[in-house]
Amino acid sequence: MSDRPREPFVVVGQSVRKVDGVGLVKGNPKFVADTDLSGALHVRILGSPHAHARILRMDVSAAEQIPGVVLILTHENTPPTRHTTAGQGYPEPSPYDARMFDTKVRFVGDRVAAVAAETEEAADEALRAIHVTYEELPAVLSIDDARAEGAPVIHDEKDSTGIYEAGRNIVADVDIDVGDVERGFAESDVVVETTCETQYAQHAPIETHVVHSYLDSDDRLVLRTSTQVPFHVRRIVAQTLGIPIRRIRVIKPRVGGGFGAKQEVLLEDIAGWITLKTGRPAFLSLSRAEEFVAARTRHPMRVRVKLGAKRDGVLHSIEMEATSNTGAYGAHGLTVLANTGSKTLPLYNKAQNARFYGQAVYTNLPVPGAYRGYGATQGYFPLETAMDELAERLGLDPVELRRRNHIRVGETSPIFEKLGEGREGVSQTVKSCELERCIAIGAERIGWREKRGTRRREGAWVHGVGMSIMMQGSGIPQIDMAAATIKMNEDGSFNLLVGATDIGTGSDTILAQIAAEVLGVPASRMIVTSSDTDLTPFDVGAYASSTTYVSGMAVQRAAEKVREQILSVAVPVLKAPAEGLRLVDEHVVGPGGARVSLAQVCQRAMYSSDQFQIAATASCVPSESPPPFLANFAEVAVDVETGVVKVVHYVAAVDCGVAINPLMAEGQMEGAIVNGIGYALSEEMLLSSTGRVRNPSLFDYKIPGALDVPDLDVILVGSYEPTGPMGAKSVGEIGINGPIPTIANAIYDAVGIRLRKTPFAPERVLAALQGEKVRKGER
Amino acid sequence: MMSLELTINGERRALAAHPGDTLLDVLRREGYVGVKKGCGSGDCGACTVLLNGRAVNACLVLAARAEGASILTIEGLADGDRLHPIQEAFLDEGAVQCGYCTPGMVLSAYDLLSRNATPSEGEIREAISGNLCRCTGYVKQIRAIQTAAERMRSERDE
Amino acid sequence: MSETRTLDEAPTDAPLVSARGEGNNRREEREGDVEDVGLHHIQLIVRPSTASEAWRLRTSDPGATRFLGGGIDVVLYTPETVTTLIDLSRVARVGVSEDRRGLSIGAGTTLSELLEAREAGSWVGGFLADVLRCVASPLQRNVATVGGAAARAHPWSDVILAMLVLDAEVEVYDGVARSVPAAEFYAARAQDVAPLITAVRLPARPASARGAFEKFGRTGFDVGLLNCACVANVVRGLCGGARVAVGGTPGLARRLSDVEGFLEAKRLSRETIAEAAMLAARIVDARDDRRASETYRRTLTGVGIRRCLTQLAGIEGEGAL
């Protein structure tokens with residue numbers, strides 16, 4: 001076992017340019033749709049007009065007559081295999097409750113049929129010519145209605161599995177506890193309780209879901225798809241279509257944003273089936289409206305948090321109850337629910353009593369799935385609001401209250417073991433945590449002491465500051481697996497083959513940096529091929545903040561093996577033992593300065609002497625999930641006449657371990673924060689009383705633009721995670737959890753109102769302000 | 001079908017187009033796939049190109065209205081291997097993540113800097129206000145445009 | 001809730017059947033409507049060289065023709081019955097000219113061209129420029145024409161709001177060339193075929209004319225939940241010839257003549273302004289829609305008018321971040 005690398009690093013820690021950057025900035029054809037689509041069938045999907053209905057009769061005869069129409073898919077001519085669309089490791093912790101096309105529709109926009117035609121126009125004409133007779137069923141459009149006595153059963157089919165209690169529309173039920181929370185509250189000096197609700201939101205990746213399928217010259221089905229989970233796509237498509245895995249190749253080109261929406265096997269089954277049946281390539285991309293309605297969304301949740309603390313401010317009892325609306329299908333229902341507790345409660349490990357319980361419930365509404373933060377985002381809202389309220393009750397500075405309670409190095413939490421992603425978790429001890437420094441740096445940068453409680457007024461604007469802290473995880477311990485293969489070329493470059501999925505996150509680049517660090521070369525010597533199920537070894541994909549920590553470790557191990565091979569070749573050349581040799585600056589360097597270039601080493605191994613291919617594959621299954629930590633501070637201004645909330649200054653001090661590429665780590669944080677600000681202030685999918693999305697467009701679903709970004713300070717506070725590659729943890733998700741609670745707490749500081757329902761849209765804020773005035777007797 | 005004559009990236013082209021085609025349809029069909037489709041309704045700016053020197057949403061321009069026009073797509077910005085300073089700045093400042101909004105963003109910046117060599121931060125934000133990005137939070141893109149402006153000024157001064 | 005019923009056809013609010021498949025639900029008439037068939041039904045684009053030729057073509061088959069200006073609204077909203085577009089690029093004048101009577105803006109002038117025109121930039125102390133800078137994004141301003149904005153009359157239109165408070169005259173051609181005051185033009189919307197707009201005139205204002213504009217959106221790049229504007233001559237603190245308008249109510253901008261009358265010859269004190277604002281909030285024709293409630297729109301009207309008038313009066317203390 002080699003020495004774990006430590007600073008000073010040569011390549012790691014440098015903000016090198018993205019390895020795929022030049023092509024992206026030139027607009028080179030790199031995305032799924034950027035290929036020659038001539039000859040491809042164009043596919044359009046017919047969506048249900050009803051929230052809940054049985055399909056009694058389908059008549060596609062008129063549609064089939066339309067010139068250019070080649071194939072129409074319905075439940076009558078497609079495999080009935082129940083599966084989950086959730087891109088998770090097998091066996092997936094989501095119910096098998098979906099069919100490619102079902103005999104029932106369960107939300108407005110649910111799949112009814114698909115048409116493959118020579119042109120888009122012909123496909124659209126055919127959609128309108130398909131006659132469907134529905135038996136409309138009563139629909140449930142809220143969690144409470146869904147669980148009520150006598151509520152219509154959304155999944156009443158016999159062949160679905162993995163549903164906790166289908167008869168009551170309950171997908172998942174979680175209940176874990178430590179100690180005795182009720183006794184804990186009784187023993188506490190102060191108890192606060194708050195319930196918060198979050199809304200339907202959508203990832204809105206600028207590239208919608210898209211897939212291009214075709215048969216290669218060996219009649220294998222190739223799926224070029226904008227996905228976060230190529231290997232799960234391959235497996236689930238094989239299952240759904242009833243063909244062996246070996247007949248499928250999944251290729252992920254560049255992806256125009258995922259954020260969790262593409263951790264799903266959404267379109268590949270339809271495209272794949274069409275290609276298999278017709279022998280023709282097929283191209284299917286979602287319109288922006290379909291992306292809102294029929295892709296995936298955030299889980300709306302109602303979460304109650306109760307905190308009991310002693311007079312000294314140390315938490316004694318924590319209870320979190322989460323009810324999650326998982327929409328018409330249960331993909332990610334259990335795991336997002338569990339994550340709401342598993343990524344929040346361990347942060348405050350001082351509490352000896354803790355309970356997390358809740359349910360994920362079906363409704364006849366658009367389908368939530370994975371979304372950056374994955375439940376933690378919804379959980380931190382009430383948790384950090386309650387902490388703020390607790391601080392006030394105790395007469396403590398909110399910052400001080402966090403200091404007295406957060407987990408530290410060397411500590412553990414019983415929650416780690418009790419609650420994982422949908423099943424028991426894994427016990428672990430925190431080995432790196434600079435949260436205390438994050439808090440101190442952030443407080444200083446925002447001007448916490450000077451600004452808190454001052455309510456500075458500027459015309460109609462009142463200013464306030466708020467804060468919150470959080471943790472996330474790095475991969476799913478003992479479940480996620482990543483692998484990497486490195487092979488050497490005779491010019492001293494290397495092919496790095498990773499299953500790891502770069503969806504814009506820059507994983508190709510940071511994995512190249514990790515390998516380059518071990519091999520003593522610049523990152524540019526690594527030629528990265530990623531996410532091709534024929535060429536690259538397995539990786540679960542881009543989710544759970546796993547790529548740097550898990551895939552990175554696989555890369556580091558593979559590089560270490562390759563280094564050993566390189567040294568073994570160099571030994572007879574330099575006539576020195578391997579222990580004395582180092583890889584530096586594209587050379588093997590021996591004691592006394594004797595050196596041989598890597599190119600020479602590989603040429604020797606390839607052509608001259610004891611030839612062999614210098615190459616190695618290594619895997620990583622992490623045994624723990626070291627959390628990144630984050631302290632957020634925000635200054636907001638509230639316009640007390642209109643309820644408009646503006647974020648003036650946002651500070652995020654994050655400990656992600658060693659930042660492999662600092663600029664990219666900042667970029668991950670900045671993007672997550674701005675997305676979170678949209679989630680907090682302006683984003684909301686509006687639903688009609690019939691379950692229809694009223695604003696499925698970027699015109700009326702408002703995501704932040706360049707005019708909306710506050711003064712945003714991301715500060716990377718370094719730490720060293722001994723279990724992580726080069727000391728790294730992760731940074732992909734945690735940033736999005738900050739804005740809601742931080743802004744809510746800042747609004748309280750500014751105008752004294754507690755908002756418990758997102759988004760904090762102006763009308764809602766104003767109503768709360770006016771309600772507060774009435775309550776206080778002001779006019 | 002009609003024949004559309006226009007100049008694309010300096011090259012005179014005659015393209016076949018349907019009267020109902022948008023400029024986005026025509027450009028992508030002709031292989032200018034750097035012009036991206038994000039919404040089809042002018043809300044995201046991923047399809048931004050320059051039309052007679054002005055940044056526009058190609059999805060909102062009827063192809064027929066571009067008859068005789070001069071179009072600049074992202075493919076026309078670099079000079080062979082030599083990237084434009086805006087492209088270099090985007091790479092150096094870490095302003096490219098998934099890259100899908102990048103061509104449109106770069107061209108909006110190009111439009112701005114061609115008419116305003118010393119833009120304020122507010123003017124930069126306004127220039128890219130119609131280009132949505134979900135990955136970056138705009139911070140490094142704004143900085144990249146500032147860097148590009150500085151570099152272009154010193155190039156001119158040299 | 002346990003009844004079932006059978007339906008043979010998808011009901012009228014069927015989603016997502018569309019050629020372009022875009023979530024084009026901006027139509028105010030049918031909320032959430034995404035029935036957008038793209039433009040594959042367009043077969044012909046003609047390019048007349050005179051207004052009379054354009055008008056003849058338009059009226060020869062009204063259901064099957066549409067004018068094509070900048071084209072944004074054509075791309076987004078043209079129904080399937082339309083097969084022929086009448087391209088106005090040879091007919092619509094591009095450019096801004098100023099004479100003693102005022103500003104003349106050719107209908108073919110883009111919003112960006114107008115914003116950058118020297119004469120327009122300083123019109124009423126920069127008021128017109130302030131409004132234009134808040135319209136959509138630069139990308140759309142580079143294509144959208146003044147004639148198109150005036151013709152399409154989106155209910156959230158900031159351009160028409162500005163036209164109303166600037167006493168604009170809409171120059172039209174409908175067989176005969178004439179000039180219609182904007183307030184009249186937008187009040188009478190009953191024609192079968194809207195006339196061809198050839199220019200917008202802004203009459204000259206005295207040097208004492210000032211204007212202020214407020215737009216309340218959800219994000220920076222947005223249509224307004226409500227917009228409002230005031231233009232008046234303020235001489236020695238006295239208000240004269242006030243024009244007050246509110247738009248996006250969610251209806252198209254309308255002048256509030258009662259408020260205008262109230263302000264006439266009054267000193268713009270805080271009290272007067274507050275009273276005018278309250279009056280505006282009370283009489284504005286506000287309604288609920290998916291973006292905002294009627295109550296909130298009334299609140300915004302009061303706040304917006306108060307802020308506009310305060311700006312006109314030059315009083316310190318209010319204002320944006």
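Which residue follows H7(A), and is its phi positive or negative? H7(A) is followed by Gly279(A), whose phi is positive, near 75 degrees. The structure is a predicted model, in which local features need pLDDT of at least 70 and side-chain atom pairs count only at pLDDT 80 or more, whereas totals for chains, interfaces and linings use all residues. Residues are numbered from 1 along each chain as its sequence is written, chains are lettered from A and ligands numbered from 1 in the order in which they are written, and side-chain values use heavy atoms, with hydrogens and water left out.

Helix H7 of chain A covers residues 268-278, and eight of its eleven residues are buried, where buried means under 20% relative accessible area, exposed over 50% and partly exposed in between (1.4 Å probe, protein chains only). Among the buried residues of H7(A) are Glu268(A), Asp269(A) and Trp273(A). In chain A there are 20 helices and 27 strands, helices (H or I, at least four residues) and strands (E, at least two) being DSSP runs numbered from the N terminus. The radius of gyration of chain A is 27 Å, close to the 28 Å that the globule rule gives for 779 residues, so chain A is as compact as a globular protein of that length; this radius is taken over C-alpha atoms, and the rule is 2.2 Å times the number of residues to the power 0.38. The C-alpha trace of chain A spans about 90 × 70 × 50 Å along its principal axes, and 69% of its 779 residues are buried.

Chain B has five helices and five strands, arranged along the sequence in the pattern β-β-α-β-β-β-α-α-α-α. For its 158 residues a compact globule would have a radius of gyration near 15 Å, and the 15 Å of chain B agrees with this. The C-alpha atoms of chain B fill a box of roughly 45 × 35 × 25 Å, taken along the principal axes, and buried residues make up 68% of the chain. Of the contacts (heavy atoms within 4.5 Å) in chain B between residues at least 6 apart in sequence, 56% join residues at least 24 apart.

Across all chains, a search of the whole structure finds zero disulfides, a disulfide being a pair of cysteine sulfur atoms within 2.5 Å. Cys134(C) is in no disulfide, and the nearest cysteine sulfur, that of Cys308(C), is 11 Å away. Cys134(C) is partly exposed, with a relative accessible area of 32%, while Cys602(A) is buried, with a relative accessible area of 2%.
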